[in-house]
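Here are my notes after a pass through the model.

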Amino acid sequence: MAPPLITTTTISLLFSLHSFSSSLIPKTTPRIAQPLLRFSFLDFLGIFFSLKVESLMRTAVVSGGGGLNSIGSMSTLSSEEKSMVMSSEDSSSYPDEPELELGLGLSLGGGKAKPRPPPAKAAAAGSWDQYARILTAKDFPSMVSTKASSSSSSSSSSPAAKANNNNGSCGTKRTAEPSSPPGRSAVSSQVVGWPPIRAYRMNSLVNHAKSPAMEESASAIDKSKGMNLVLDKTNYSSNRNHNVAKERGLVKTSLFIKVNMDGIPIGRKVDLSAHSCYDSLAHTLDHMFKLSAAVGATRSKAEEEVIMGGKRRPPILLDSSSDFVLTYEDKEGDWMLVGDVPWEMFLSSVRRLRIRRTAEVNGLGLMKGTGDS
Amino acid sequence: MDPDQSEDSPSNSANSHGPTQPQSPFPDEVLEKVLSFIDSRKDRSSVSLVRKDWYNAERWTRSKLFIGNCYSVSPEIVARRFPRIKSVTLKGKPRFSDFNMLPRDWGANVHSWLVMFAKVYPFLEELRLKRMTVTDESLELLAKSFPRFKALTLSSCDGFSDNGLKAIASHCRNLTELDIQDSVTDDVGGGWLSCFPENFASLEVLNFSSLNCEVSFDDLERLVGRCKSLRVLKVNDSITLDQLRRLLVHAPQLMELGTGSFMQELTPRQYEDIESAFSNCRNLQVLSGLWEATSLYLPVLYGACASLTFLNLSDVALQSSEFAKLLVHCPNLRRLWVIDTVEDKGLEALGSSCPLLEELRVFPSDPYDRHHRDGVTELGFLAVSRGCRKLRYVLYFCRRMTNAAVVTIVQNCPDFTHFRLCIMTPGQPDYLTNEPMDEAFAAVVKTCTKLKRLSVSGLLTDLTFEYIGKYAKNLETLSVAFAGSSDWGMQCVLEGCPKLRKLEIRDCPFGNAALLSGREKYEMMRSLWMSSCNVTMKGCRLLAREMPRLNVEVIKDEGNDDGQADRVYVYRSVAGPRRDAPPFVLTL
């Protein structure tokens with residue numbers, strides 16, 4: 001899952017923007033055409049330069065969680081512009097490498113980029129103006145700390161921590177890929193019983209470890225998120241010994257919540273703190289429930305390639321055109337669509353997840369999406 | 001475990017001698033007297049094979065029973081063969097249960113054994129259990145059935161609560177050892193400690209460091225004060241520094257100490273007091289605990305470290321500087337367990353301060369790589385190997401390693417008997433050359449001829465296993481994860497290592513061909529574990545059919561297709577299939 005190369009995507013970007021702007025030029029009124037043309041090229045330059053700035057903030061973008069898939073909104077302006085480059089950053093590997101991140105988030109709702117195209121916003125073609133904003137570093141206000149562990153999505157579901165949490169369903173069949181890229185990769189995350197550390201020691205780590213280094217990163221997390229990542233004990237659904245009043249002020253290492261899927265009586269659990277963005281969560285759930293292989297994954301291969309320019313495809317659960325929809329129950333008991341709010345906000349309000357079939361969801365008034373993303 | 005241990009009929013030895021068996025030159029009593037001096041189980045096994053009367057003499061003189069896999073033999077068989085047992089060691093679940101790879105209620109419940117012991121060995125004195133389920137009911141039975149009971153060790157056991165411990169404390173009048181290690185039992189209160197009778201003073205070993213409970217300090221203090229023979233005391237983190245001081249004042253003779261929490265605001269006077277309390281402990285050989293110790297309070301220990309041979313810092317995340325300062329005071333260190341927050345720099349200090357080091361275990365502070373800390377690397381390991389040439393046991397968790405480093409390390413320390421290297425990212429190659437780590441483990445098995453235990457990690461092809469099979473002649477335990485390229489790898493090991501007893505494999509591309517290639521071998525081994533490999537039910541059934549003296553158990557995963565055998569546990573047994581198997585364990 002290599003991050004997109006600047007060169008090929010820049011070129012395609014150039015072409016697509018050029019073709020887009022030329023398609024906008026009305027053939028009969030040169031005078032109007034001129035400003036538009038100028039606007040689009042200048043805009044492109046501006047975007048290009050702001051992308052350079054963004055490349056320095058790449059890790060910040062990564063930790064923003066969810067990336068700038070809102071490029072999709074641009075593509076919804078006119079369907080022929082599907083070739084508009086959309087490169088969602090890969091939030092897992094190489095958080096520290098300064099790769100250029102092409103996030104062409106021309107439509108931003110709020111400071112954080114969203115993983116899904118906002119459903120209703122980009123409907124009208126021609127309302128190009130409100131989306132043609134030049135991105136600057138200001139658009140990423142909370143991406144301050146690159147050291148924050150949020151940028152590491154290679155954290156795992158810490159199954160070993162809770163030894164007595166076995167309910168017959170542990171030791172699941174996830175086989176990690178045998179050859180993972182060097183450096184910190186996400187592969188080691190979702191594997192039960194790895195690294196092989198005794199449950200007793202895992203408990204001890206969680207309870208007692210309080211070195212200055214750990215404290216420092218814990219507070220860095222707090223600062224960068226602006227909200228407390230030390231998760232609510234009520235959400236802490238594993239079998240920790242509640243007699244232990246000796247919890248030191250450390251980031252809790254797991255947040256297991258239930259995941260159910262329509263039509264499947266037995267649910268699963270997933271560790272949300274092992275993810276730093278919707279993408280990674282959606283991929284995990286996809287793998288868990290084998291959605292890509294299921295009937296209902298309706299995207300064709302051709303579509304996929306076109307969408308991503310050959311790069312990583314968006315997960316089924318975050319794709320508005322698939323047959324599955326990911327919803328969650330929040331603290332107030334309401335069922336919401338996953339992906340609307342920033343990741344950290346989601347983390348603090350989610351109680352459980354449910355994968356529904358879109359046929360049933362339509363009745364809930366959710367739009368089925370206005371195009372592929 | 002030796003196969004002979006589970007033999008229940010002496011017919012084997014009888015077969016080798018005809019009816020013209022000569023009279024033994026010794027009367028039975030002499031033979032028995034001589035044999036009673038033999039302690040080693042291996043020797044006893046050999047003895048029992050010589051002749052029928054030797055077999056009988058051996059079985060009547062054996063007092064220590066070791067059963068490495070509680071399902072390899074049944075209580076009845078044991079009772080028939082050995083009439084006079086005073087000490088039992090029983091191990092239950094496969095080792096991977098420590099890492100949550102086994103569902104709850106898998107088994108290894110000690111109760112049926114205790115019922116039999118209560119009948120046949122009323123004079124039982126010692127019971128040491130590892131990875132077994134021990135309920136309160138069992139502990140109560142234990143406490144009431146054996147009037148001479150002295151020593152109880154529960155290592156990585158579950159299933160009990162303070163009720164069971166209360167029974168032990170109240171009824172075992174002659175108790176000398178109560179040793180609870182690595183327990184993850186949630187449900188334990190602290191009231192059991194107060195159940196020791198007022199006149200009870202025989203305790204020599206008390207270890208409750210892994211129990212999450214608050215005990216009454218007053219009762220503990222009184223207990224420690226009474227027990228003049230106390231040599232091992234390991235408390236849990238509910239005991240504060242100042243309380244520890246008071247305990248030390250009562251028991252300066254301690255040889256092994258597990259401290260409580262080291263985090264407390266001390267006045268200068270208190271600091272001095274605790275410092276002198278530690279200095280009075282001149283016999284201290286083992287030190288552990290030290291929860292939340294910081295550079296501020298670590299120095300109180302210095303006076304007690306001169307004779308220290310085993311320092312267990314695996315519960316406290318020290319930085320390299322404070323660690324280095326501590327080590328200066330521990331020149332006689334033989335064993336060290338530490339967390340990787342000390343980093344390579346700390347390990348360099350170790351190399352220079354502790355030349356007598358024989359065992360090193362480095363645990364990760366951040367196993368899931370959440371905080372991107374460096375931890376230790378190949379450089380730290382190299383530094384230790386240069387300074388500590390006597391190293392023979394290592395357990396090393398790291399994020400990167402190179403072939404060259406391992407080659408150098410084993411050249412520096414060729415006496416390794418236990419080499420457990422865990423590169424935490426599965427399938428990670430040599431980070432400098434990007435090659436598989438085959439050459440590293442090749443060097444290990446070629447150079448370390450005494451190697452008994454090996455855990456491999458990193459990106460490994462079948463070549464590694466070819467080397468292991470070819471060179472590791474003394475290897476007894478092999479743990480493999482995310483390695484190998486084909487069945488051939490596992491076959492090499494099964495055909496090669498003559499002394500192999502335990503083989504644990506997870507997430508490797510080994511399939512039925514590999515599984516079946518070891519058919520005869522498994523009868524000479526204690527057990528085989530394979531999980532998330534390419535083994536199918538068909539293969540397992542075939543193995544079970546061909547080898548009736550093996551128990552081939554498959555642990556069913558819900559939601560799995562029926563063809564794959566995700567978790568397979570194969571072990572030899574004279575007791576036949578398990579009678580207490582839960583529904584998700586299929587014995588084929």
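1. Pro195(A) sits in the loop that runs between helix H4 (71-75) and helix H5 (199-208) of chain A. In this predicted model, the peptide bond linking Trp194(A) to Pro195(A) is cis, with omega at about -5°. Worth a glance, as most peptide bonds are trans.

2. Over in chain B, Asn100(B) is not a glycine, yet has a positive phi of about 65°. You'll find Asn100(B) in the loop between strand S2 (87-91) and helix H6 (111-120) of chain B. Is Asn100(B) buried or exposed? With a relative accessible area of 4%, Asn100(B) is buried, because the cut-off for that is under 20%.

3. Ser532(B) also deserves a look: its phi is positive, near 55°, and Ser532(B) is a residue other than glycine. Its place is the loop between strand S18 (527-531) and helix H21 (537-546) of chain B. Ser532(B) counts as buried, at 10% relative accessibility.

4. Take Cys508(B), where the nearest cysteine sulfur belongs to Cys533(B) and is 5.2 Å away. A disulfide needs the sulfurs within 2.5 Å, so Cys508(B) is in none. Cys508(B) counts as buried at 4% relative accessibility, while Cys195(B), at 25%, counts as partly exposed.

5. Lys452(B) comes from the loop between helix H16 (438-447) and strand S15 (453-455) of chain B, and its 36% relative accessibility makes it partly exposed.

Definitions and conventions. Residues numbered from 1 in each chain as written. Chains lettered and ligands numbered in written order. Predicted model: local features only at pLDDT ≥ 70, side-chain atom pairs only at ≥ 80, totals over all residues. Heavy atoms only, no water. Helix = DSSP H or I, 4+ residues; strand = E, 2+ residues; numbered from the N terminus. Buried < 20%, exposed > 50% of the residue type's maximum accessible area, 1.4 Å probe, protein only.
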